[in-house]
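Subject: Model for your review

Hello,

Here is the structure I promised to send. Please open it first, then read my notes below.

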Amino acid sequence: MSGKKDLLNQRREKNKTISDSGVNLYPNNFKVENTIGEIRSIIEQTPEKLGEEGLKFTIAGRMMAVNKFGKSSFARIKDGSGKIIQAYLAKNRIGEDSYSLFNQLDIGDIVGVSGPLFQTKTGEWTIYVGKFNLLSKSVRPLPEKFHGLKDPEKRYRRRYVDLIMNENVRNIFVTRAKIVQTIRNFLTEKNFLEVETPMMQPLAGGAEATPFVTHHNALDMKLYLRIAPELYLKRLVVGGFDRVFEINRNFRNEGVSTRHNPEFTMLEFYQAYSTYKDLMDLTEELFLKISKEVSDSPEVEYQGEKISFKSPWKRIPLTESLCEIAGMDKSILSDKEGLLKFAEEKGVAITKKDKIGKIITKLFESLVEPKLIQPTFVTDYPVEVSPLSRRNDENPEFTERFELFIGGREIANGFSELNDPDDQRERFLDQARKRDEGDLEAHMMDTDYVEALEYGMPPTAGEGIGIDRLVMLFTNAASIREVIFFPHMRPSSEQ
């Protein structure tokens, strides 16, 4: 630690010396005219426009490497396009004062340069600097070049340094932006309207989760950070918007793991006059579109597995998956004692007071879910675990619901929406009883939502897709922390 402090003190003293000589360490009068990405495109497509008599460029970026040779130097500069280009600085061209300033700078400083391009003896296109400016003097040194920044703890805490040093990390977030834009374009082209619904809600609804609680001083009322936008989006369907979607944050007061972050991004969309089967078709189309946009292929590799998004995807009822994949005898599906015995044999912890639907779902999550590598829709979930889903007309103990699993984890959840206000009221009341019994993740009674349904909601299907897990899939990231700029972490002992 003392060595780091010594280095910082040396940097601060050097910066003071430069400043005392009359140099502004942080000017704001340099106009950038080009990006290195644009220059790279010109080099690839129209190199005949380059050369000392050709185009002139003005760029700004961070110095990532410097080689000094007395009266001339080379610097490698990286800008916001993520690209790097070499710059050649000669004392007799930029002047003694500018070259003297350059010699006092450090790797990590941000500079601006102007000039034409020329090819070095090795054939590398290089900016022949005619004008040089310091734009921002760094104080802290970048991590050592060959070892980089690899410790995950430090990478997540200092994501800004991670982005500077690790090109693959930068690419993950560029891909993330591309995925989100692809989703927006896809849904907009299908006449969905993008909307925004409240982040702070008087009731936490739309999912089974523990909410974060806050207080509104002016109204003197308790509010909850939303765990899902579902009930508000369906209010909009009642109001006449037949196709709506929202991409935004949800907040759930739960553990932190490779799959969970308390603050995460969800896509939710609702389509009137549709069923859950329509949304499964739509989801297959969307994922194939994303794959082709991101990887130019209908396939991606995730954690050593090749995932194919070609249609059709497998669709299997939840109970059937337990028999087919977990080896459960179909005869015990309605036998609670038989299910409890099977769970004990398989080492799955079950609470005896759980209803059969809950037991079946827990068995599925432990024994089947991790084995679903290729895109698989698991359908027909029990009513007990689907309080907002429409019942199956042929088998009312189950619902018209699916969950999508890829790579052994849940990626999406969708269902035909329950639009019977009386049935919804009874299910809310059942959830309220569970809360009274200590289940803090059960739904709260939302009488306003029931009242909205009483005005009439058309037959509707809705779906939620976890954006973070989706990005993990398309960037081959093992942890959700790799795809969130600033994941939640405990305070550092260094801070």
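The model is predicted, with local features needing pLDDT of at least 70 and side-chain atom pairs pLDDT 80 or more, while totals for chains, interfaces and linings use all residues. Residues are numbered from 1 along each chain as its sequence is written, and side-chain values use heavy atoms, leaving out hydrogens and water.

β16 and β17 run antiparallel and are joined by four bridges. On its other pairing, β16 is parallel to β15, again over four bridges, and Pro317 is partnered with Thr379 of β16. Within β16 (residues 376-379), Thr376 and Val378 point one way, Phe377 and Thr379 the other, and all are buried (under 20% relative accessible area with a 1.4 Å probe, protein chains only; exposed is over 50% and partly exposed lies in between). In a regular strand, side chains alternate between the two faces of the sheet.

These strands belong to an open, mixed sheet of eight, ordered β7-β11-β12-β19-β18-β17-β16-β15; two strands count as paired if DSSP finds at least two bridges between them.

Helix α8 (residues 230-238) lies across β11, β12, β18 and β19, at about 25° to β12. Such angles run from 0 to 180 degrees between N-to-C directions, with axes fitted to C-alpha atoms, for helices over the stretch in contact. Leu233 sits in α8 and counts as buried because its relative accessibility is 0%. Leaving aside residues up to four places away in sequence, Leu233 touches Val195, Thr197, Val244, Glu246, Glu268 and Tyr270, contact meaning heavy atoms within 4.5 Å.

Lastly, the pocket. For its lining, β18 gives the most, six residues, and β12, α12 (356-367), β17, β19 and α15 are among the elements that each supply at least two. The lining of this largest pocket divides into 16 nonpolar, 13 polar and 18 charged residues, where Asp, Glu, Lys and Arg are charged, Ala, Val, Leu, Ile, Met, Phe, Trp, Tyr, Cys and Pro are nonpolar, and the others, Gly among them, are polar.

Regards
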